[in-house]
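Subject: Handover of a structure and notes on its features

Dear colleague,

Please find below the structure that I am handing over to you.

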Amino acid sequence: MTNKITALYCRLSQDDMLAGESNSITNQKEILLKYAKDNGFLNPQVYVDDGYSGTSFDRPDFQRMKSDIEDGKVSTVIVKDLSRLGREYLQTGYYTEMFFPEHDVRFIAVHDNVDTQRGDNDFAPFKNLINEFYAKDVSRKVRAVLKAKGQSGKPLAVNPPYGYKKSEDDKNRWVIDEPAAEVVRRIFRMCIEGRGPRQIARALNSESVTTPSIRSRGTGLAHWDHRSISDILERLEYVGHTVNFKTTKKSYKCKKRIDLPKENWLIFENTHEPIISQHDYDLVQQLRENKRRPQKKCSEPNPFSGIVYCADCGKKLYISRGGDTPKNKECLKCSTYSRHYDECSAHYIRTCILSEIVLSEINKLLCAVHDDEDAFVQRSMEQSAVSHLDEVKKAKRLLAKNERRIEELDRLFTRLYEDNVLGKIDDERFSQMSASYTDEQKKLKAEVVKLRELIEAKEQKSSDISHFLQIVRRHERISELTPKLMHEFIEKIIVHEADKSNGYREQEVEICFRFNVYVVTATVDSRDYNKKAA
């Protein structure tokens, strides 16, 4: 058996470091090597898992040792004590009482006086249970410390977000890491200009911009991924806030992170210097809510992408263009009509006409503000209040209707179950009807959640006239529409179906400015189309 390995296994977690030098990897190695030498164990090989919890057996070197055991390369496994093997009662018992014996491997825990060659140790199961209790107790204490730290406003993140670094004077304070911060600003600018996460990632990869993992740890992905771009665009920390309790774990045994809903987050405002202004952050979140379909045949971002809607079905209008379509013939068309022409009508409008209308209305608004700002503010406040009230009323009516239907379905479920028990309907019919009711109720409940969120947002959101005026004051007159300008000024555009009853094509377009400060309705007729087409 001299050709087989004597596996000396060492493990140290962050919690074990609290016990001092006695559990250090160096100390474990010295103890195990001396024990192997003194007791004649040949061919010793050390397996080390430094920084891994004993509550999980998914550790690199433990798995390597396990693989060597399964290949018949190991004759003996020696550990300092049972807690080094693991702190999970059931799995530790599985390895000591089943796995090792099945592979003819002798197991020794030096300080616990466990040696499987001498027979079962009756105290070992109790020792394993105590080790698990220790892990549970340490986890509880660590959670209490982290909770107190998080509630005090100190960041719980081990590493600051990309764009920040820890202050040399205070490790709990973040300062701007300027090279990375400039990349973050650029990512936000590109999003405002109309580019999606995949397009932004491709642009950064083409320039070989250093990724967050490489910059912070020196290892990791060497290329940008659209998911990392999305994560950067959604991080509230970039406006200067500390956000704690965004994730949690199910238990001290399960290391998988679970995302918590935003209402459970604890946000401390203005704790560090912002990289992104609140205005740009809010604008990007609005764009992210209305995600745009990428245009494969045109690299130039469409300024209307994601903000033009059909007045009848409420779906987005997408740009329709061919490979050789001239710019003055491009049009926006209802997405429902494109997929199912019998469910809606085209609602199409040429982009050149829409550009002219929107540009004209924005410049009119600029003139109105510059001429008499007080009158504009008064009119906008009145219009915003009416708009909010109408939307909330509609949402509340629909919410009440859906809630009544959910209650009705609950009663139907009860009667259906009683009829099945009494034999009035057979099991097959019961299953079909039950599945149909369940599916309908599930959809209604999801819609109820969305309606409640909408009502809450509308009731809490007041008309931010002052914020909008700050945007307006930066411009005197606009000569060309860009995605950035569109998203700064416009929240959505609603295109109505064309009316041909007067012998020519007449179409209404509603332009809703941001923060509900202003809504204007413009009318387009066929003479405008003919003029542009010429």
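The notes below describe selected features of this structure, topic by topic.

This is a predicted model, in which local features need pLDDT of at least 70 and side-chain atom pairs count only at pLDDT 80 or more, while totals for chains, interfaces and linings use all residues. Residues are numbered from 1 along each chain as its sequence is written, and side-chain values use heavy atoms, with hydrogens and water left out.

**Helix packing**

Two packed helices are described by the angle between their axes and the distance between the axes. Helices (H or I, at least four residues) and strands (E, at least two) are DSSP runs, numbered from the N terminus. Helix 6 (residues 178-192) packs against helix 7 (residues 197-206) at an angle of about 135°, and their axes are 10 Å apart. Here the axes are lines fitted to C-alpha atoms, for helices over the stretch in contact, and angles run from 0 to 180 degrees between N-to-C directions. Angles under 35 degrees count as roughly parallel, over 145 as roughly antiparallel, 65 to 115 as roughly perpendicular and the rest as oblique. Helix 6 and helix 7 are therefore oblique to each other. The crossing of helix 6 and helix 7 is right-handed; a crossing has this name if the near helix is turned clockwise from the far one by less than a right angle, and is left-handed if anticlockwise.

**Salt bridges**

Side chains of opposite charge can pair when their charged atoms come close. A salt bridge is counted when a side-chain nitrogen of Lys or Arg is within 4 Å of a carboxyl oxygen of Asp or Glu. By this rule the count comes to 23 salt bridges. To describe their surroundings, I call a residue buried under 20% relative accessible area, exposed over 50%, and partly exposed in between (1.4 Å probe, protein chains only).

Asp225 and Arg227 form one of these pairs, at 2.8 Å from N to O. Asp225 is buried, because its relative accessible area is 18%, whereas Arg227 is exposed, at 60%.

Glu234 and Arg288 also meet in a salt bridge, at 3.3 Å from N to O. This pair links distant parts of the chain: Glu234 is in helix 9 (residues 226-234) and Arg288 is in helix 10 (residues 278-289), 54 residues apart. Glu234 is partly exposed, at 42% relative accessibility, and Arg288 is buried, at 12%.

How far apart are Glu408 and Arg405 in helix 13 (residues 373-421)? They are three residues apart, so about one helical turn separates them. Their side chains form a salt bridge of 3.1 Å from N to O. Glu408 is partly exposed at 34%, and Arg405 is partly exposed at 23%.

Some salt bridges are joined together: Glu178, Glu182, Arg185 and Arg189 are linked in a network.

**A nonpolar surface patch**

Tyr89, Leu90, Leu129 and Phe133 make a nonpolar surface patch of about 390 Å². Patches are made of residues with over 30% relative accessible area and no salt bridge, with like charges joined within 9 Å and nonpolar side chains (Val, Leu, Ile, Met, Phe, Trp, Tyr) within 5 Å. The accessible areas come from the Shrake-Rupley method with a 1.4 Å probe, and for residues only the protein chains shown count as cover. Helix 4 (89-102) and helix 5 (124-151) each supply at least two residues of this patch. Phe133 belongs to helix 5 and counts as exposed, because its relative accessibility is 52%.

**Positive phi angles**

Most residues other than glycine have a negative phi, and most peptide bonds are trans. Asp104 is not a glycine, yet it has a positive phi of about 55°. It lies in the loop between helix 4 and strand 4 (106-109) and is exposed, at 66% relative accessibility. Asn113, which is not a glycine either, has a positive phi of about 60°. Asn113 lies in the loop between strand 4 and strand 5 (114-115) and is exposed, with a relative accessible area of 52%.

**Residues far apart in sequence**

Arg140, in helix 5, is 111 residues from Ser251 in sequence, and their C-alpha atoms are 9.8 Å apart in space. Leu398, in helix 13, is 50 residues along the chain from Val448, with 8.7 Å between their C-alpha atoms.

Yours sincerely,

A colleague
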